[in-house]
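Please keep the sequence and the structure in view while reading.

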Amino acid sequence: TRGTINVRWNKLNFTIPDPHSPVRVIGMIPDQLTTKQLHERLPVVDGFLTSCVDKDIVKLAVVERHFGTGRIGLGFVKGLGLKRGAIASSVAHDHHNIIVAGVDDESMATAVQTIVNHQGGMVAVEGSTVLEALPLPIAGLMSDQPIEAVRDNLDRLSAAARDLGTPGDPFMALSFLALPVIPSLKLTDLGLVDVDRFEIVGLY
């Protein structure tokens, strides 16, 4: 149950080319696991789509981590509250791949790298700086530390995530953004899933 985090680094690319059209965005609903399917126009820098903090829309990615296939699903989420940096977790129901949300690609890459280094866990980062991390080295889901240590670590992690702008429990919300059986739009390593139609759909 250890050594389960396997990422093919040469496939890790968070850039999304500008489609010159609106894109599908996962719209979070406060205090709900269900989401809305939105269509938004996003800022473009050097031909690539970027997060739009003013609209509370940030980039979202799911990185396959069990077999090192290199698969990565890319999208955007509205309503997470993130203003800076990135948060990520290897707890992502039910496939438990690495899910990461971030304002910029550097922060997202740092978050994924930290989870790989810890062989699982949750993390809050800003740029190349790791603010807090909770290692979960057993299957990428569980800790080998006493519950008191885990609780204290999780409190620090949650505080760091709140400093980045996220309210409530962002890691719980993040984990369910990858669960493709609850309507309406979710993200997996295979891409966006329209749960109402029960099929994979394109970002554009």
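This is a predicted model: local features need pLDDT of at least 70, side-chain atom pairs count only at pLDDT 80 or more; totals for chains, interfaces and linings use all residues.

Strand 7 covers residues 86–89. From this strand, A86 and A88 point one way, while I87 and S89 point the other way. Whichever way they point, all of these residues are buried.

## The nonpolar core

The largest nonpolar core holds 57 residues. Within this core, the residues with the most contacts are F14, L60, F76, I87 and V100. Strand 5 (residues 57–63) supplies the largest share of the core, with 6 residues.

V100 shows what such packing involves. Residues up to four places away in sequence being left out, V100 touches F14, K59, L60, A61, A86, I87, A88, M108, A111 and V112. Among these are A86, I87 and A88, which are buried residues of strand 7.

## The largest pocket

The largest pocket has a volume of about 380 Å³. It is lined by 20 residues, and those closest to its centre are M28, I29, P30, D31 and A173. Helix 3, which spans residues 170–176, gives the most to this lining, with 4 residues. By type, the lining of the largest pocket consists of 11 nonpolar, 6 polar and 3 charged residues.

## The second largest pocket

About 210 Å³ of space lies in the second largest pocket. Its lining is made up of 13 residues, and M122, L154, D169, F171 and M172 lie nearest the centre. Two or more residues of this lining come from helix 2 (147–163), and likewise from helix 3. Helix 2 gives the most, with 4 residues.

The lining of the second largest pocket divides into 7 nonpolar, 3 polar and 3 charged residues.

S175 lies in helix 3. Is S175 buried or exposed? S175 counts as buried because its relative accessibility is 3%, whereas the cut-off for a buried residue is under 20%. Apart from neighbours within four places in sequence, S175 is in contact with V91, A92 and H93.

## The enclosed cavity

Rolling a probe the size of a water molecule over the atoms shows where empty space is left. How many cavities of 30 Å³ or more are counted? The count comes to 1 cavity.

The largest cavity contains about 40 Å³ of space. V7, R8, K11, L12, V63, E64, G70, R71 and I72 line the largest cavity. These lining residues divide into 4 nonpolar, 1 polar and 4 charged.

Technical notes:
Residues are numbered from 1 along each chain as its sequence is written. Side-chain values use heavy atoms; hydrogens and water are left out. On a 1 Å grid over the protein atoms alone, a cavity is a set of points where a 1.4 Å probe fits but cannot get out, and a pocket is an open set with protein on both sides within 12 Å along at least five of seven lines; lining residues have an atom within 4 Å of a point. Grid points are joined across faces, edges and corners, and a volume is the space filled by probe spheres set on the points. Ala, Val, Leu, Ile, Met, Phe, Trp, Tyr, Cys and Pro count as nonpolar, Asp, Glu, Lys and Arg as charged, and the others, Gly among them, as polar. Buried means under 20% relative accessible area, exposed over 50%, partly exposed in between (1.4 Å probe, protein chains only). Contact means heavy atoms within 4.5 Å. A nonpolar core is a set of buried Ala, Val, Leu, Ile, Met, Phe, Trp, Tyr and Cys residues joined through side-chain atoms within 4.5 Å.
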